[in-house]
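Me: I would like a close look at a single part of this model, followed by whatever else can be said about its surroundings and the other parts. Here are the sequence and structure.

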Amino acid sequence: MATSSNLDAKIPQGPIETKWSKYKSSVALVNPANKRNLEIIVVGTGLAGASAAATLAEMGYKVKAFCFQDSPRRAHSIAAQGGINAAKNYQNDGDSVYRLFYDTIKGGDYRAREGNVHRLAEVSGNIIDQCVAAGVPFAREYGGLLSNRSFGGTQVQRTFYAAGQTGQQLLLGAYSGLQRQVGMGTVKMYNRHEMLDVVNIDGKCRGIIARNLITGEVERHGGHAVLLCTGGYGNVFYLSTNAMGSNVTAAWKAHKRGAYFGNPCFTQIHPTCIPVSGEHQSKLTLMSESLRNDGRIWVPKKKNDTRPGNEIPEDERDYYLERRYPAFGNLVPRDIASRAAKERCDAGYGVGTSKLAVFLDFAAAVERYGKGEANKNNIVNPSKEDITIWGKAVVKEKYGNLFDMYKQITGEDPYEVPMRIYPAVHYTMGGLWVDYNLMTTVPGLYCLGEANFSDHGANRLGASALMQGLADGYFVIPYTIGSYLSKEIGTGKISTDHPEFIKVEKEVKDRIDTLIKIQGKTSPELFHRRLGQIMWDKCGMARNAQGLKEAIVEIRELRKQFWSDVKVMGNTTEFNPELDKAGRVADFIELGELMCIDALTREESCGGHFREEHQTEEGEALRDDENFMFVSAWEHKAQEEWELHKEELIYDNIKIAQRSYK
Amino acid sequence: MSWFTQTLTSSIGKKLLMALTGLFLISFLVIHAAINAMIFYNDGGETFTHWGHFMGTNPIIRTLEIGLVAGFIIHIVDGLMLWKSNAAARPVKYAVNKAEANSTWYSRSMGLLGTLLLIFLVIHTAHFWIPNRSNQFATGEELNLYQMMLDIFQNPIVVLIYVLGCISLFWHLLHGFKSAFQSLGLNHVKYNGLISFVGTAFSIVIPLLFALMPISIYLGWVY
Amino acid sequence: MSAGNMHIKLKVWRQSNSNTQGGFENYSLDTVSPDMSFLEMFDVLNEQLIETGTEPVAFDHDCREGICGMCSMYINGQPHGPLRGVTTCQLHMRSFKDGDTIVVEPWRAEAFPVIKDLVVDRDAFDRVIAAGGFVSVNTGNAQDANSLPIPKVAADDAFAAAACIGCGACVAACKNASAMLFVSAKISQLALLPQGQAERNIRAEKMVAQMDAEGFGACTNTGACAAECPKEISLENIARMNREYIGAKLSSSAV
């Protein structure tokens, strides 16, 4: 197989260890005087967007940043709980840049690009330095040094954290850097603005069309480069751990204007989420992977066991992860843990009223920590009650906010009874295809963070999303953007009066008018639910050719219904969340179709993409490296029509193997 | 604006002024209560008059009295300004507000309690301080304050007003004492208990002591 | 669409935009489940309104897991409703009784104008942060993260302050619509960490000045803010801010 001639990943030549450092020393630069005349548009203000906008403004570029929320601080990066990885080796447990690189490639089931991932591992340490310098209050040990914990898919402790609110602390750090630039006037912030299209002129991206969500006004914004940092598209499944507003619109519009979509079917199903409680449910809530540091996952050995978890004796419990994967135990990667939970539930061992849940149990950890506290305080023969009290206190310090959240949502106290958990859609590894520079197939249009496809292959390891978002924004784009902008210094100010701007703006307005004029009978919300049901049933944790083919037909039908029967209340010149939602759902429907096509095309199982036709006898994912060791980059041709381009993945530094965590 | 006026007109600066003047007035209350409590010697006002004379004639005390008046004026004017600007910060009120769930009524009513105290202050100074100082200016002689007390507190309505004034003072102090420390930034887990205890004790003891004076005179315990 | 059978009466503030007068509308829901979140109950209401051709209620929300700080409802006279330490999105209908009438209003503050219905404009908070709520460290300037040990207690206290989600419940709860808990949380976080020392004075001066310019009220230490804060940010932070500010004013070279 050879890489399609349309795709040039621009990976620097040379040994993997020196690719990035050599690149940095040889990439073209833009001098400070010219930077002042170059405008960069950043869409999205999560970890990637906020860090990129702040850093580029620090460097001297003129930046305009956009977010649909009421403040850049609300971006969904804020909800990341467990931590951020970095190859610091502070624990002296054998970590290194190579090992982080290796774990990430292996965790991604050998479907990520070596060059990008190695760069990610290289800059991971700088991220922690930068965040600490910006005042991020990471957890610390009594000696004042940084604390670490373990995450799935690794055997070292390299995860930095701030209780169960690491994403919040990192985002607020990046946000404060962004606000600093806003205060200095080097970043112009447009909150409550939604990007609705990109504008390409003579083959280069020259700006965006955005809608002011308060007034409904459609605006043109010109720039020499546009950075999409708009997050993932997990909400295509309706129920996911994403925020209600998380959407694919920006990436999808870019896709329809020429940016290829990479590996759209690679979706991460997170194993530890609070199970669905009823039809009314609007979103799912994650229970951090960090809980698997101390919690043990099990189901009853007996089918249809209805006893409460704490009344089932030890020898009647099946700790199935520890049984199946002794080397990694409860800390196997997410895709494996999710499938194992589904397997147990499908086989009839599920717990709770829906039978779609397994237990996550802290009783052992409480006892272990309780004894530890007793030892620490030189207490001999402590009572069982005291051990429990001390143990609970330690668990509370580590995971208190998560336990509180669980109690609030389910009405059960996880300090007393085991949590019930079930997998849920959490992250999308797929995204806009980008080269080593993070540029899409449209010159001048970049994509950072979860919105791009680049670093996680077919499965992302825990605590790596925060790492990638900040790596892209703080340490990659500031260098790589120079190679493009250095050729733009003679372009001059981008005029938004260009006919192309006027044309695209009109298309955007026409679409909004069409949406509001349909006045059918069904709300955007209901269409979203229906789409989610199709996607979860047929393109979810397990997929097969039959189901995917059906899904494609159903989604196409749904699209037609949407455009003839959607009911959007209100009008176009006011604050109208229904209208915003309708536009996003319309894009999700189109994306859903492409995801199913991609899943159908990829006749193998890898990472989060599990095709039932392709599994080992033990039910593990069965890759087909011979035929599918490539990135699928889809080019949009017309409605219902895409062309597949392949980027071959070459592994010079890692020996390809069947992924094993046994 | 100079840094000084800028500081004192900022939201925190205004609170700082309230706290400092408040604590100053609290210290005045101690002296005031201590000297007035001399009436409980029941010696025909001898001890009380002795100290009253000292307070009314000692040049240092008289100078400090100017500070006291200034303290009152700043505390009152600053308080009223805060009341106005705080009200302006919420032009549209809530239709339903369950403030009792998150705070005490008296902490939310410092403006109201303060205004009641201001009214009481006017009545109280009109009874004693103003006539006495006017007479001092005019004739150089002090009035017989002890006798004035005995006379004035024969009227049950006056006694009632004084008791109500003391109750207002109790609530005002109950929040104000602790609040002043918080405004000054003095909040520390080691000392909060102490501040709270002293604050509550002070708020009870001083107003109680004051209230006992008109009551005792009215009931003839002090004569 | 839902399996519940609680009956709930709602009295919701409706207002088309910042230039118009608003008022309460009454609604009635018959299929509320105790497992629904408060916002999911509003989803049900909105579906019901759309079916009857009425414009749905606009309200701010995003993550629905209590961390983004976007949801902002004043429920039965309390920001985020009756529970302590909980945002609106994490409030569940099991906290109410069958047949209850619930009054829902937007945050009320001069500095938080209503945009529509229950949605308010909280840009003032962003401007306060832009005035000084940061450490001025450009990307790439940082030394090794472990080169500067920070006592665990300081790091923990800084984290407790930094847990603020910027929802504005403190302003909404305060009888003076004061933003001091929000502002003090950021000032505290950075004052507690060695990284924040270089700009300690100017940060306190500028953030407080911006807070005042936005039209928030002053603090009267009622404690309502901390009692209603969904992240239980402590009043100690306000005391610390007062110290920081007064200290900065007395010692900084800005005249």
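Which are the buried residues of helix H1 (residues 16–26) of chain A?

Reply: The model is a predicted one. In helix H1 of chain A, the buried residues are Ile16(A), Lys19(A), Trp20(A) and Tyr23(A). These residues lie on the same side of H1(A), because the arc they cover around the axis is only 80°. The spacing follows a general rule: an α-helix has 3.6 residues a turn, so residues three or four places apart point the same way. What the buried residues of H1(A) pack against is helix H5 (114–133) of chain A. The face turned away from the buried side of H1(A) carries Thr18(A) and Ser25(A), which are exposed.

Elsewhere in chain A there is an open sheet of five strands, with antiparallel pairing and the order E12-E16-E15-E13-E14. Strand E12 (267–273) and strand E14 (317–318) are its edge strands, each pairing on one side only. Helix H10 (residues 334–346) of chain A packs on this sheet, where it touches E12, E13, E15 and strand E16 (419–428). The direction of H10(A) makes about 65° with that of E12(A). Within the sheet, strand E13 (residues 296–300) pairs with strand E15 (residues 358–361) of chain A over three bridges, in the antiparallel sense. One residue pairing can be named: Arg296(A) has Asp361(A) in E15(A) as its bridge partner.

Cys205(A) sits in strand E8 (residues 204–212) of chain A. Cys205(A) counts as buried because 27 other C-beta atoms lie within 10 Å, where 20 or more are required. Apart from neighbours within four places in sequence, Cys205(A) is in contact with Val198(A), Asn200(A) and Val226(A), and also with Val442(A), Pro443(A), Gly444(A) and Leu445(A). Leu356(A) is 151 residues from Cys205(A) in sequence, and the C-alpha to C-alpha separation of the two is 46 Å.

For chain C, the description is of the whole chain. Its secondary structure comes to eight helices and seven strands. The C-alpha trace of chain C spans about 65 × 40 × 35 Å along its principal axes. Of the 255 residues in chain C, 64% are buried. Among contacts in chain C between residues at least 6 apart in sequence, 72% join residues at least 24 apart.

How values were computed: Residues are numbered from 1 along each chain as its sequence is written. Chains are lettered from A and ligands numbered from 1 in the order in which they are written. This is a predicted model: local features need pLDDT of at least 70, side-chain atom pairs count only at pLDDT 80 or more; totals for chains, interfaces and linings use all residues. Two strands pair if DSSP finds at least two bridges between them. Helices (H or I, at least four residues) and strands (E, at least two) are DSSP runs, numbered from the N terminus. Two residues are in contact if their C-beta atoms, placed from the backbone, lie within 7 Å. Axes are lines fitted to C-alpha atoms, for helices over the stretch in contact, and angles run from 0 to 180 degrees between N-to-C directions. A residue is buried if 20 or more other C-beta atoms lie within 10 Å of its own, exposed if 12 or fewer, and partly exposed in between; C-beta atoms are placed from the backbone. The arc is that of the directions from the helix axis to the C-beta atoms.
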